Amino acid sequence: MKRDYYGDVKLFSSGVTLFWFAALIIFLLLYPFLFENYYVYMANYIAINIIVVVGLNLLVGYTGQISLGHAGFFAIGAYGTIVLMTLASFPFLLALICAGLIAAGFGFLLGLPALRLEGPYLAIATLGFGLTLTTVIGRIDMLGGRQGLHAPDLVIMGHHLTTDRQFYYLAMIITVLLVIIARNITKTKVGRAFVAIRDAHIAAETMGVNLVLYKTLAFALSAFYAGVAGGLFAFVLRFIEPELFGFFLSIFFLTMAVAGGLGTVMGPIAGAILLSFLDLELRNILNIPYVGDWLRQLSTSHFSLTGVSNIQFIVFGTILILIMLFEPLGLYGLWIRMKKYWKTWPF
Amino acid sequence: MIDFIQMIISGIAVGSSYALMALAMVLIYKASEVPNFAQGEMALLPVFIAFMIIYSYGYSVFAAFFGALVFALVLGCCLEFAIVRRAKNSNVLGLIIITIGLEMILLGFVSWKFGADERVMPSFPISSYDSVMFGDFYITTIDLLTLIVALVIMISLFLFFRFSKFGVAMKATQQNETAARLMGIRTNRVKMVTWGISGTVGSVAGLLIAPVIMDPYMMWDPMLKGFAGAVVGGMTSLPGAVFGAYIVGIVEHLFGGYVSMDFKAVVAFAVIVIVLCVKPSGLFARHYVKKV
């Protein structure tokens with residue numbers, strides 16, 4: 001029950017949420033011991049996507065500004081971290097934060113033209129920004145050019161993190177921290193300003209919300225999240241090249257946010273988990289039991305076997321359209337509906 | 001100087017296919033108020049249908065192209081009828097996401113069916129290496145063809161909007177949908193056919209690009225450049241879109257020739273960001289001020 005302001009901003013609204021949060025933390029701690037290596041790798045991949053999507057949600061879901069260029073910030077984070085570590089020999093965490101700040105700087109730059117743009121104009125501007133960043137990064141020799149870059153050894157306070165399991169805890173700590181920060185931001189003055197801008201920017205301005213400040217802040221914040229996630233991503237793959245950060249990555253991020261439910265905290269997390277899982281599974285679609293054999297037959301008789309991995313696009317596209325047509329709040333909307341159904345049952 | 005003029009000619013030639021895509025996007029934007037990210041793929045599928053008609057069934061190129069254009073018309077109508085119309089209550093972001101979803105489905109389907117390999121449009125009469133000389137300047141035959149076809153389409157669209165009853169109905173729907181409906185125009189049907197026409201115009205661009213390069217990602221670049229051109233021109237103005245697309249084509253070639261070949265592909269976006277900073281609604285649109 002929310003009775004006052006402090007009840008509203010509290011991190012855990014009741015003992016039940018606190019219990020589930022504690023259960024989740026314990027599960028996350030035990031996770032590497034319960035599952036095999038591949039699933040730990042998958043958890044790292046999911047954690048990174050969660051960071052990006054939570055950041056993207058601050059921009060798209062809360063501030064109402066569309067961005068089709070987040071792959072660019074992601075790339076800045078990945079390249080920035082590696083370059084700062086190898087050329088400037090920064091320690092990892094410092095490099096990660098600096099790379100995030102660099103990405104935030106670029107986010108601020110993108111936020112400036114975004115002040116005057118909306119709708120399709122903003123979409124094409126952010127899209128072009130992302131594509132330009134990726135292309136420019138791909139042509140700079142210091143950044144490995146088309147050959148890409150290898151990640152250096154990851155050392156944190158004297159510990160070498162070499163396996164996915166060791167990296168897992170680092171990724172999880174950063175993810176949980178960033179998610180909690182994002183959730184708290186939405187409950188502060190800044191978060192309320194974002195929502196006000198989304199709902200009616202003219203009304204917000206007349207109420208004294210500084211549009212210039214908060215719109216650019218939303219872009220910078222969102223870019224910071226993407227940058228940090230990119231820095232972690234570089235160490236999950238251990239090798240990065242410009243082709244990884246194409247337009248489809250930006251779309252993939254947006255898909256995850258939309259599928260989960262824009263403008264909520266838990267929704268995008270659920271969306272990121274579901275779609276990252278699907279992404280990794282559908283890459284080897286022919287190995288899925290039952291469906292795989294059928295698809296192999298179908299592909300050889302009517303389609304082509306080489307292009308079978310493109311079913312991934314069909315699945316994602318269908319998810320996007322179905323969600324937009326039937327449940328614009330995404331997974332979060334489904335959850336609310338379910339909850340309502342059980343609470344009011346049998347009415 | 002000769003180089004300069006040659007680059008402008010090449011830019012105009014490339015700009016013609018961008019202009020067709022830009023026209024297609026503006027048509028849909030005016031009808032449904034959504035930048036249609038599926039435009040490229042709505043052209044891609046008919047191109048591969050034409051490929052299949054020639055390759056598997058052995059019809060002539062003209063029959064196949066005609067079939068592909070009819071298919072594009074039907075495809076556009078179907079997409080609007082089956083999907084876009086159902087999302088009436090969505091905001092701009094929702095509609096953009098729906099078109100991105102359509103784009104992914106169509107792209108996934110084409111690359112599943114045909115693989116990601118590069119294909120060659122079979123028995124197309126003009127080779128991509130032929131060219132025509134005008135004094136000191138040359139233009140490849142296929143580019144010349146694209147230029148002529150683009151001009152023909154622009155003129156016929158102009159005549160269509162100016163003189164045909166259906167064209168006027170389309171204009172009315174775009175300007176004020178409620179008033180148009182009150183005047184007895186079936187706005188839903190008008191929108192559906194707009195999508196069909198837009199798909200056809202886009203497919204013409206696709207079919208003219210296919211003899212040069214043909215793989216599942218071939219429409220990606222023309223679509224983005226067409227979109228960029230449309231935005232430069234103001235997204236709501238057909239002549240503006242054409243003009244913007246030619247600007248994008250010319251700037252791209254001049255930049256490629258004088259500054260750097262490497263960044264040729266992205267200079268268009270730098271141009272639009274600059275243009276949008278100065279005129280947030282493009283060069284040709286009146287700035288739209290929302291009433292509070």
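In chain B, strand E1 (residues 131-134) and strand E2 (residues 137-140) run antiparallel and are joined by 4 bridges. Strands here are DSSP runs of type E with at least two residues, helices are H or I runs of at least four residues, and both are numbered from the N terminus; two strands pair if DSSP finds at least two bridges between them. The model is predicted, so local features need pLDDT of at least 70 and side-chain atom pairs count only at pLDDT 80 or more, while totals for chains, interfaces and linings use all residues. Residues are numbered from 1 along each chain as its sequence is written, and chains are lettered from A and ligands numbered from 1 in the order in which they are written.

E1(B) and E2(B) form a hairpin with 2 residues between them. B:Gly135, in the turn, has a positive phi of about 60°. Across the pair, B:Met133 stands opposite B:Tyr138 in E2(B).

The contact between the chains takes 36 residues from chain A and 42 residues from chain B, where two residues are in contact if their C-beta atoms, placed from the backbone, lie within 7 Å. On the side of chain B that touches chain A, the largest share, 18 residues, comes from H4(B).

B:Leu107 lies in helix H4 of chain B. Leaving out residues up to four places away in sequence, B:Leu107 touches A:Phe313, B:Glu41 and B:Pro216. B:Glu41 is 66 residues from B:Leu107 in sequence, yet their C-alpha atoms are 6.1 Å apart. B:Leu107 counts as buried because 24 other C-beta atoms lie within 10 Å; the cut-off for buried is 20 or more, with exposed at 12 or fewer and partly exposed in between.
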